[in-house]
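Welcome, and thank you for taking the time to look around. Please have the viewer open as you read, and turn the model whenever a new place is named.

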Amino acid sequence: MWPWGHLAVAYLLYTAVTHRRFDSPPRAIPTIALAIGSQTPDLIDKPLAWNFGLLPGGRTLSHSLLVVAVLVPLVRAIAGRLERRAVGMAFLAGYCSHLCADVPPGVLSGEFASASYLLWPILEQPPEDPVAGIFDAILHYYAMGTYEWVQFGLFAVAVVSWYRDGAPGLGLARVVLERRPNV
């Protein structure tokens, strides 16, 4: 899944939960944490595999449920200690939604081997086409098929939903960028 697909899935799930549970739209800082969490597994695995050759594939270490088993209590403990539980939970929601969104559609028809990366390194990672770095992946690895167009559609729905929620996080990002010293 492309980055905007992961972001869309994470935001649509998160806004639905916050509206249902708290009867309000998501807040700014948790929304930013959600966005970061939704990208984190790929920001770790893909460069380490494709650019540095340290991992056997782009869905291994940070896509593994074994890492999640360590990450969840760690993030919860840190967020609790910092009194930022909502921020920690939003990050984890983004992270976990990424793993769910990466599960190939073939799993629905019983092809479970394609999701074996979820138990890496216990199970071997599914075969992956060779990729010569991030830019090669962007230019050649991903084809624009139905699955990619669905992601664009989800992203469009997520942007509309985010806008209707008051664009949480945008004002905070604007303030941070305005404070940045001119170089």
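Where is the place of alanine 167? Alanine 167 sits in the loop between helix H6 (146-164) and helix H7 (170-179). Its phi is positive, about 55°, although alanine 167 is not a glycine. Alanine 167 has a relative accessible area of 12%, so it is buried (buried means under 20% relative accessible area, exposed over 50%, and partly exposed in between, with a 1.4 Å probe and protein chains only).

A word on what you are looking at. This is a predicted model, in which local features need pLDDT of at least 70 and side-chain atom pairs count only at pLDDT 80 or more, while totals for chains, interfaces and linings use all residues. Residues are numbered from 1 along each chain as its sequence is written, and side-chain values use heavy atoms, with hydrogens and water left out.

Now step back to the whole chain. It has seven helices and zero strands, where helices (H or I, at least four residues) and strands (E, at least two) are DSSP runs numbered from the N terminus. The radius of gyration is 17 Å, close to the 16 Å that the globule rule gives for 183 residues, so the chain is as compact as a globular protein of that length. That radius is taken over C-alpha atoms, and the globule rule is 2.2 Å times the number of residues to the power 0.38. Along its principal axes, the C-alpha trace spans about 45 × 40 × 35 Å. Of the 183 residues, 38% count as buried.

At 5% relative accessibility, threonine 18 counts as buried. A polar atom of its side chain lies 3.1 Å from the backbone oxygen of threonine 15. Leaving out residues up to four places away in sequence, threonine 18 touches Asp23, Ser24, Pro25 and Pro26 (contact means heavy atoms within 4.5 Å). One of these, aspartate 23, lies in the loop between H1 and H2. Is aspartate 23 buried or exposed? With 69% relative accessibility, aspartate 23 counts as exposed. Its phi is near 55°, a positive value in a residue other than glycine.

Next, look at how helices H2 and H4 meet. Their axes come within 7 Å and cross at roughly 35°; axes are lines fitted to C-alpha atoms, for helices over the stretch in contact, and angles run from 0 to 180 degrees between N-to-C directions. The residues of this contact divide into 13 nonpolar, six polar and two charged. Here Ala, Val, Leu, Ile, Met, Phe, Trp, Tyr, Cys and Pro count as nonpolar, Asp, Glu, Lys and Arg as charged, and the others, Gly among them, as polar.

Histidine 63 lies in the loop between helix H2 (28-51) and helix H3 (65-81). With a relative accessible area of 0%, histidine 63 is buried. Its side chain is joined to that of histidine 98 by a polar contact of 3.1 Å (a pair of N or O atoms within 3.5 Å; within protein, one must be able to donate a hydrogen and the other to accept it, and residues adjacent in sequence count only if both atoms are side-chain atoms). Beyond four places in sequence, the contacts of histidine 63 include Asp102 and Leu118.

Leucine 118 belongs to the loop between helix H4 (85-102) and helix H5 (134-141). Proline 121 is found in the loop between H4 and H5 too, and the peptide bond from tryptophan 120 to proline 121 is cis, with omega near 10°.
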